Amino acid sequence: MSMHNSTAHDEDAVEEVVPGSIETDPIKKKLPLPLKLFGVICIVSSAAFVPLLVLVLVGTALLVQQGQLTEGLSTTALVFFVIEATLTAVLAGMFAVLGVRLLRDKRRHAAHLAEVMIVLVILIALCDMMLNGLSPDLVQLGITLVLLIALASYVDPTLAEERELQRKLRDMELREDAEDGTLGRDETGKGFIALNFFNLFWIFVVCCVLGLVIETVYHFAVVVPGHYENRAGLLFGPFSPIYGFGAVLMTVALNRFHDKNVVLIFLVSAVIGGAFEYLTSWFMQFAFGIVAWDYTGTFLSIDGRTNGMFMAMWGVLGVVWIKLLLPWMLKLVNIIPWNWRYTVTSVCAALMIADGGLTLVSLDCWYQRMAGNAPESAIEEFCADHFDNQFMEDRFQSMSIDPSNATRTR
C-alpha cells in the first residue's frame with residue numbers, strides 16, 4: 001500500500017477500540033494546535049464580517065431613503081450594494097461552517113472550501129472599490145485573503161512526515177527537470193504547463209511587458225502614425241497589467257487546449273479576451289471614473305468596451321500564445337536556476353504587489369482631486385506632492401478620468 005493511501009483515511013472517523021481494552025470510549029485523535037487556531041480564527045472572522053454586512057445594508061437603506069436611485073448610475077450602485085451584501089453574507093456563513101468543521105477535525109474538502117472563499121473575498125473587494133474606492137474595508141479583506149491562502153496551504157490530507165518526504169522528492173525531481181529543460185511542464189499530461197504560482201507569475205510579468213510593447217507599436221504605426229504615447233498601466237516600470245492578467249486567464253482557460261484545433265482555440269480566446277476587456281473597462285470606469293479605451297461606433301462594438309476587431313485580435317493572440325509562445329515562455333523561465341527560483345520569484349512578486357498597490361492608491365487620490373476633494377490624509381498629501389495631476393496625465397496618457405462616471409458613493 002502506498003504512503004498516500006495509508007494516510008488518506010476518513011478524517012471524520014475515530015479509531016476503533018481494541019477488543020478487551022479497559023477503555024469503553026473510542027480513542028479520539030488530539031486536534032493539532034494550528035488547526036485549532038485556524039478554527040477559532042474562522043469563527044472570529046465570521047463574526048467580524050457581520051459589522052461590514054450591517055454597514056452595507058445600512059448604506060443601501062440610506063440610498064433608498066434619500067431617493068438617490070433615480071439616476072442610472074445610482075441604480076448601478078444599488079446593484080453593487082446588493083451583490084456585496086449577498087457575497088459578504090455567504091462568506092460569513094462559510095467562515096462559520098469552516099471554523100466548526102476544523103474545530104471538529106473534519107478537514108475533508110476544507111482546502112477547496114477555502115479556495116472558493118478566496119474568490120468571494122476578491123469579488124467583495126472589487127465591489128467595495130467600485131463603491132468606496134480604497135476604503136479601510138480593504139484592509140480587513142486583505143487580511144482575510146492572507147488568512148485563507150495560509151489555511152488552504154496548511155489544510156492538506158497528508159501528514160507532516162509525508163509532506164516532508166514529498167518536499168525532498170520534489171526537490172530531487174525539480175533538479176532533474178531543470179537539467180532536462182522540462183521544469184514547469186504539467187506532469188499529468190492534461191495540460192501543457194503546470195498551473196502553479198511560479199509559472200503564472202512569470203507569465204504575468206513577461207506578458208505585461210510584451211503587451212505594452214505590442215500596444216505601443218500598434219498605436220505608433222496604426223492608430224496615430226508617428227505619434228508615441230505612453231501606454232503603461234502601472235506607476236513604475238514598463239508594464240501593462242491588462243495583458244498580464246489576460247495572459248494568465250488565457251493560460252488557465254486554454255492550457256488543456258494546447259493540442260486542439262486552432263479554430264477552437266481562436267473562438268475560445270476571442271470570447272474570453274472580449275469578456276475580460278469588457279469587464280476591465282467596466283471596473284475602471286465604475287471604480288475610478290477612468291476611460292482608457294472607447295470603441296463606440298466600431299464594428300460589433302459592445303458598449304464601447306470591446307468590439308469585433310479586438311475580439312478577433314484576442315483570438316489570434318490566444319492561438320499564438322498557446323501554440324508558439326507558451327513553449328518559448330517555459331524555456332525562458334527555466335533560465336532562472338532551479339534553486340534560486342523561489343527567492344527570485346518572492347522578491348519580484350513583492351515588488352510587483354507594491355507597484356500595483358501604489359498605482360491603485362495614486363489613481364484613487366487622482367480621482368479625489370478631480371472630484372474637488374482636498375487631500376486630507378498623509379497618503380493623499382504624498383500623492384499630491386509626488387504624483388500630481390500632471391504626473392498622472394503624463395504617465396497614463398491613454399486614460400481620461402471623470403468622477404461623474406463612477407458609481408462610488410464618496
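**A cavity, a buried threonine and a helix span**

C365, Q368, R369, N373, A374, P375 and E380 line the largest cavity. This is a predicted model, in which local features need pLDDT of at least 70, side-chain atom pairs count only at pLDDT 80 or more, and totals for chains, interfaces and linings use all residues. Residues are numbered from 1 along each chain as its sequence is written, and side-chain values use heavy atoms, with hydrogens and water left out.

Q: What makes a set of points a cavity?
A: On a 1 Å grid over the protein atoms alone, a 1.4 Å probe fits at the points but cannot get out; lining residues have an atom within 4 Å of a point. The count is 1 cavity of 30 Å³ or more, and the largest cavity has a volume of about 40 Å³, taken as the space filled by probe spheres set on the points. Helix α11 gives the largest share of its lining, 3 residues.

Q: Why is T345 called buried?
A: Buried means under 20% relative accessible area, with a 1.4 Å probe and protein chains only. T345 has 3%, so T345 is buried. T345 belongs to helix α11 (residues 341–370), a helix being a DSSP run of H or I of at least four residues.

Q: Which residues is T345 in contact with, leaving aside its neighbours within four places in sequence?
A: T345 contacts F197, F198, F201 and W202, where contact means heavy atoms within 4.5 Å.

Terms used: Helices (H or I, at least four residues) and strands (E, at least two) are DSSP runs, numbered from the N terminus. Buried means under 20% relative accessible area, exposed over 50%, partly exposed in between (1.4 Å probe, protein chains only). On a 1 Å grid over the protein atoms alone, a cavity is a set of points where a 1.4 Å probe fits but cannot get out, and a pocket is an open set with protein on both sides within 12 Å along at least five of seven lines; lining residues have an atom within 4 Å of a point.
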